[in-house]
Amino acid sequence: RAADVRRGAASVHTRREALGTRHERLAPVMSQLRRRYPLSAWADVERAPQRAAAALGEVDEALAGLDAVLAAPELDVPAAAALLARVRTAADRVDEEVRAATGRLERLDAVAADPGALLSQVQRALVDARRFLAGLPEERARRFRRTFEDLARRLPPLEEAARAERPDVGAVLREATAIESGLAGLVRTARAD
């Protein structure tokens, strides 16, 4: 276990350097979001830089503690393992925040460039869910049909919004995501039923 902890410590030190670089990428990403899209399109990731910075601070604090434990004359393996776990958890949070913000910019850019691709994706999800329900015994399928129809009815307004002259890309992406999540949830529930 002591050897594992020492290996893990070396690995998280390397990861810390990469995290610093990734965190620095957030500033230009946020700048692009601010410049290109209304706040409503990315409000949930607005504080990603602050949350990532706080998590990075926790990484540094736990790493310092880990280094101190490793430098002690006698290694306290449980304490070192706990600090290593804390470093990894905080590092994962930094990654999540960076991924959330960069992912949002990529998705918004993709929808702005080609809203048709997003619509095709939602249409495919509808077709797949319809096929899935058609394969169920009638009694079971009937329980889910109303939910399916409610979700399907949201597609034409979504198409209209996406094909508008100046579409609200954030609203289009949110609605498309909501429809897809609803369909995925419906299929999951019907499978487990």
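Which helix does A162 lie in? A162 sits in helix α6. Keep in mind that this is a predicted model.

A162 has a relative accessibility of 3%, so A162 counts as buried. What does A162 touch, leaving out residues up to four places away in sequence? The list is P115, L119, P167 and V172. Now compare positions. A162 and R142 are 20 residues apart in sequence. In space, their C-alpha atoms are 31 Å apart.

Next, the core. The largest nonpolar core has 60 residues. Which of them touch the most other members? They are L33, Y37, L66 and L158. Seven helices, α1, α2, α3, α4, α5, α6 and α7, each supply at least two residues of this core. Helix α3 gives the most, with 13 residues.

On to helix α2. How many residues does α2 have? The count is 24. From first C-alpha to last, α2 reaches 34 Å. That is close to the 34 Å expected at 1.5 Å a residue. Several residues of α2 are buried, among them A48, A52, L56, V59 and L66. What do the buried residues of α2 pack against? They pack against α1 and α3.

Now for charges. Side chains of opposite charge can pair when their charged atoms come close. How many salt bridges does a search of the whole structure find? The search finds 18.

Here is one of them. E97 forms a salt bridge with R51, and the closest N and O atoms are 2.9 Å apart. E97 lies in helix α3 and R51 in helix α2, so this pair ties together parts that are 46 residues apart in sequence. Are these two buried or partly exposed? E97 is buried, with a relative accessible area of 17%. R51 is partly exposed, at 36%.

Another pair also links α2 and α3. R86 and E58 meet through their side chains in a salt bridge, 3.5 Å from N to O. R86 is in helix α3 and E58 is in helix α2, 28 residues apart, so the pair links distant parts of the chain. R86 has a relative accessible area of 30%, so R86 is partly exposed. E58 comes in at 23%, and E58 also counts as partly exposed.

Some bridges stay inside one helix. R142 forms a salt bridge with E139, with the closest N and O atoms 3.0 Å apart. Why are R142 and E139 separated by about one helical turn? Because they are 3 residues apart in helix α5. R142 is partly exposed, with a relative accessible area of 47%.

Salt bridges can also share partners. Which residues do they join into one network here? The members are R15, R22, D92 and D95.

Let's finish on D95. D95 has its place in helix α3. Is D95 buried or exposed? At 11% relative accessibility, D95 counts as buried. Leave aside its neighbours within four places in sequence, and D95 is in contact with R15, L19 and R22.

Methods. Residues are numbered from 1 along each chain as its sequence is written. This is a predicted model: local features need pLDDT of at least 70, side-chain atom pairs count only at pLDDT 80 or more; totals for chains, interfaces and linings use all residues. Side-chain values use heavy atoms; hydrogens and water are left out. A nonpolar core is a set of buried Ala, Val, Leu, Ile, Met, Phe, Trp, Tyr and Cys residues joined through side-chain atoms within 4.5 Å. Buried means under 20% relative accessible area, exposed over 50%, partly exposed in between (1.4 Å probe, protein chains only). Helices (H or I, at least four residues) and strands (E, at least two) are DSSP runs, numbered from the N terminus. The expected span of a helix is 1.5 Å times one less than its number of residues. Contact means heavy atoms within 4.5 Å. A salt bridge is a side-chain nitrogen of Lys or Arg within 4 Å of a carboxyl oxygen of Asp or Glu.
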